[in-house]
Amino acid sequence: MPSHKLEELRYPQLDGFHRETTLFVIAVSPLEEHGPHLPLGVDAFDAEHFSEEITLVFLEKYPEWNVVRIPTLYIGSFLFDAPGSIRVKPRTIRNLLVDTLSSLAKYGFKYFLISNAHGGPTHIVALEEAAATVSRKYGVRAVSYSGHMIWNFFRGPYLEEMKERLQLTDADLEALKQDAHAGEWETSMMLKLRPDLVDPSYKSLNSFTVKWMERLRPNYPLKTGEKLGYVGHPSRANETLADVSSKFLTEKAFELIEKDLLSGKRLGSSPFYWLRTNVLAIIAILVLLTVLSWLYLT
């Protein structure tokens, strides 16, 4: 079978895989509070799901390849503080991922894909830094696309495509744009992936939204009102949104894989890469947040 779990392989099996036609996929997302209705593992569940979906699509088109799933790293930065949120420094994420991928790259394996479903800017950058470091050190192709995909949502084209596919009204689209954490989309995804872990109370949760600039405050969904721990419209959740958006995001990720990872046309780092772990990080964060606010509000 061309799809494998790393932990289930014997090392001679792995060593026998052709280096030019083996792709490693790893999900890296945190444990974090997601309101009173969703489990701590939302981001990791989503990242694992997209790892599986991308593997299926990839092997359908490239059946001669082997795809190896590396066990998920449940780590992340830029989280909302609450019991259960496991906060890790960006540099720690970068270093752990570099060490993980290097352990395979040093034996000649060439292709690595990082799956992520957490939108924290410093987390996204840590993944991109790790990919760039391993690629440069070993002359391989390690990539993380979540920054590019999130940026495309901010810029608008992805949202417009989603509006068309789901036949959303302007009001529906606006509600989706207001979703930031444990709202309509993440609740929908959990109804699709792990309905057993979704508390039925989501159906009666009031909508809670904040303006873009208010989102710059630390822990904004936890320090307001009743400390709800979510931002958006969880009661609007539905499996249709999850099905359509899941397929859409898988398609977009696969497009990036073919253009960047396989063709050698370097996509480069996302705009979030300005936040990389150096002395200019604070300035870069302020500049990026200002740009995002302008893009989102115009």
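Start at the second largest pocket, where helix H4 supplies the largest share of the lining, 5 residues. The model on screen is predicted.

**Stop 1: the second largest pocket**

Select Ala132, Arg141, Ala142, Gly268 and Ser269; of the 16 residues that line this pocket, these are the closest to its centre. The space inside the second largest pocket is about 260 Å³. Now colour the lining by residue type: 6 residues are nonpolar, 5 are polar and 5 are charged. H4 and strand S5 each give at least two residues to this lining.

**Stop 2: the whole chain**

Zoom out and show the cartoon. The chain has 10 helices and 5 strands. Of its 298 residues, 54% are buried. Contacts between residues at least 6 apart in sequence can be sorted by their separation: 77% of them join residues at least 24 apart.

**Stop 3: helix H3**

Select residues 90-105, which form helix H3. At 1.5 Å a residue, a helix of 16 residues should span 22 Å, and the end C-alpha atoms of H3 are 22 Å apart, in agreement. Next pick out the buried residues of H3: Ile93, Arg94, Leu97, Val98, Leu101, Ser102, Leu104 and Ala105. Turn the view to look down the axis of H3; the buried residues fall within an arc of 150 degrees, so they line one face of the helix.

What do the buried residues of H3 pack against? Show helix H1 (11-15) and helix H4 (121-138), then strands S2 (22-28), S3 (66-73), S4 (111-115) and S5 (141-144); the buried residues of H3 pack against each of these elements.

**Stop 4: tyrosine 111**

Stay with strand S4 and select tyrosine 111, which lies in it. Is tyrosine 111 buried or exposed? Its relative accessible area is 14%, and the cut-off for buried is under 20%, so tyrosine 111 counts as buried.

Along the sequence, tyrosine 111 and leucine 23 are 88 residues apart, yet their C-alpha atoms are 4.9 Å apart in space. Leaving aside neighbours within four places in sequence, tyrosine 111 is in contact with Arg19, Glu20, Thr22, Leu23, Phe24, Trp65, Arg141 and Leu261. Arg141 was also selected at the first stop, as one of the residues closest to the centre of the second largest pocket.

**Stop 5: helices H6 and H7**

Move to helix H6, residues 157-166, and select glutamate 160 in it. With a relative accessible area of 45%, glutamate 160 is partly exposed. Then select leucine 173, which is found in helix H7. Leucine 173 counts as buried, at 8% relative accessibility.

To leucine 159 the C-alpha distance is 7.8 Å, at a separation of 14 residues. Leaving aside neighbours within four places in sequence, the contacts of leucine 173 are Leu159, Glu160, Lys163 and Leu168.

**Stop 6: two loop residues**

Follow the chain through the loop between H6 and H7 and select glutamine 167 there. Its phi is near 55 degrees, a positive value in a residue other than glycine. Glutamine 167 counts as exposed, at 71% relative accessibility.

Go on to the loop between H7 and H8, where alanine 182 lies. Alanine 182 has a phi near 60 degrees, again a positive value in a residue other than glycine. At 1% relative accessibility, alanine 182 counts as buried.

**Stop 7**

End on H2. This helix has 20 residues and reaches 29 Å from its first C-alpha to its last, close to the 28 Å expected at 1.5 Å a residue. Why is H2 called largely enclosed by the rest of the structure? The reason is that 14 of the 20 residues of H2 are buried.

Conventions: Residues numbered from 1 in each chain as written. Predicted model: local features only at pLDDT ≥ 70, side-chain atom pairs only at ≥ 80, totals over all residues. Heavy atoms only, no water. Helix = DSSP H or I, 4+ residues; strand = E, 2+ residues; numbered from the N terminus. Expected span 1.5 Å × (residues − 1). Buried < 20%, exposed > 50% of the residue type's maximum accessible area, 1.4 Å probe, protein only. Arc of directions from axis to C-beta. Contact = heavy atoms within 4.5 Å. 1 Å grid on protein atoms, 1.4 Å probe; cavity = no way out; pocket = protein on both sides within 12 Å on 5 of 7 lines; lining within 4 Å. Points joined across faces, edges and corners; volume = space filled by probe spheres on them. Nonpolar A, V, L, I, M, F, W, Y, C, P; charged D, E, K, R; others polar.
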